[in-house]
Amino acid sequence: MNQYKENPNRKVFNIDFDGTLTNGQYINDPIPELSIIDRVKDLYINGHIIIIWTARFWNQAPFLVSWLTKYSIPFHGIIMAKGGSDFYLDDKMISMDKFYNGEF
């Protein structure tokens, strides 16, 4: 993997696991979404901070880290909690199209 670059304009990206990095199936070995993973790798290489965010329980943290390692997904940290919401509203959210195109 390419080396992380220092970036004075870096941004912090919280990237969801199930349904964003994966095909959305809450299973033990979900299928990776390679186009998203490639974009996350690009963000990391260009000096942005990557936090993997999931509603899975902490007892699944070893699985999560193993899966991320298996697919060579770089990250700076993980968050294993989102609360019990059905929807998340965020003023900093970007659409998947903008994410793919780097429009942020």
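The expected span of a helix is 1.5 Å times one less than its number of residues. Keep that in mind for the first exercise, and remember throughout that this is a predicted model.

**Exercise 1. Work out how the span of helix 2 compares with the expected value, and where its buried residues pack.**

Solution. 
- Step 1: Helix 2 covers residues 34-45, which makes 12 residues.
- Step 2: Compare the spans. From first C-alpha to last, helix 2 reaches 16 Å, close to the 16 Å expected at 1.5 Å a residue.
- Step 3: Look for the buried positions. In helix 2 these are Ile 36, Ile 37, Arg 39, Val 40, Leu 43, Tyr 44 and Ile 45. A handy rule here: an α-helix has 3.6 residues a turn, so residues three or four places apart point the same way.
- Step 4: Find the neighbours. The buried residues of helix 2 pack against strand 1 (12-16), helix 1 (17-21), strand 2 (49-53), helix 3 (61-70) and helix 4 (96-101).
- Step 5: Step off the end. Just after helix 2 comes Gly 47, with a positive phi of about 90°.

**Exercise 2. Describe how strand 2 pairs with strand 1 and with strand 3.**

Solution. 
- Step 1: Start with strand 1. Five bridges link strand 1 and strand 2, and the pairing is parallel. As an example, Phe 13 sits opposite Ile 50 of strand 2.
- Step 2: Go on to strand 3, residues 77-79. Strand 2 and strand 3 also run parallel, joined by three bridges. Here Trp 53 has Ile 79 of strand 3 as its bridge partner.
- Step 3: Strand 2, helix 3 and strand 3 together make a right-handed β-α-β unit.
- Step 4: Check burial. Four of the five residues of strand 2 are buried, so strand 2 is largely enclosed by the rest of the structure.

**Exercise 3. Classify the aromatic pairs Phe 17 with Phe 63 and Trp 67 with Tyr 71.**

Solution. 
- Step 1: Count first. Rings pair if their centres lie within 6.5 Å, and the model has three aromatic pairs by that rule.
- Step 2: Take Phe 17 and Phe 63. Their ring centres are 6.2 Å apart and their planes meet at 80°, so this pair is edge-to-face.
- Step 3: Phe 17 belongs to helix 1 and Phe 63 to helix 3, so the pair ties together parts 46 residues apart in sequence.
- Step 4: Compare burial. Phe 17 is buried at 0% relative accessible area, whereas Phe 63 is partly exposed at 21%.
- Step 5: Now the other pair. Trp 67 and Tyr 71 are 4.6 Å apart centre to centre with 50° between the planes, a tilted pair. Trp 67 counts as buried at 2% relative accessibility, while Tyr 71 is partly exposed at 22%.
- Step 6: Phe 17, Phe 63, Trp 67 and Tyr 71 form one aromatic cluster.

**Exercise 4. Say which elements supply the largest nonpolar core.**

Solution. 
- Step 1: Recall the background. In soluble globular proteins, nonpolar side chains tend to be buried together.
- Step 2: Size up the core. The largest one has 18 residues, and Ile 15, Leu 21, Val 40, Ile 50 and Ile 52 have the most contacts inside it.
- Step 3: Trace the suppliers. At least two residues each come from strand 1, helix 1, helix 2, strand 2 and helix 3. Helix 2 gives the most, with five residues.
- Step 4: Zoom in on Ile 52. Leaving out residues up to four places away in sequence, Ile 52 touches several residues, including Ile 15, Phe 17, Leu 21 and Leu 64.

Methods:
Residues are numbered from 1 along each chain as its sequence is written. This is a predicted model: local features need pLDDT of at least 70, side-chain atom pairs count only at pLDDT 80 or more; totals for chains, interfaces and linings use all residues. Side-chain values use heavy atoms; hydrogens and water are left out. Buried means under 20% relative accessible area, exposed over 50%, partly exposed in between (1.4 Å probe, protein chains only). Contact means heavy atoms within 4.5 Å. Two strands pair if DSSP finds at least two bridges between them. A crossover is right-handed if, with the strands pointing away from the viewer, the path from the first strand over the helix to the second runs clockwise. Rings of Phe, Tyr and Trp (its six-membered ring) pair if their centres lie within 6.5 Å; planes under 30 degrees apart count as stacked, over 60 as edge-to-face and the rest as tilted. A nonpolar core is a set of buried Ala, Val, Leu, Ile, Met, Phe, Trp, Tyr and Cys residues joined through side-chain atoms within 4.5 Å.
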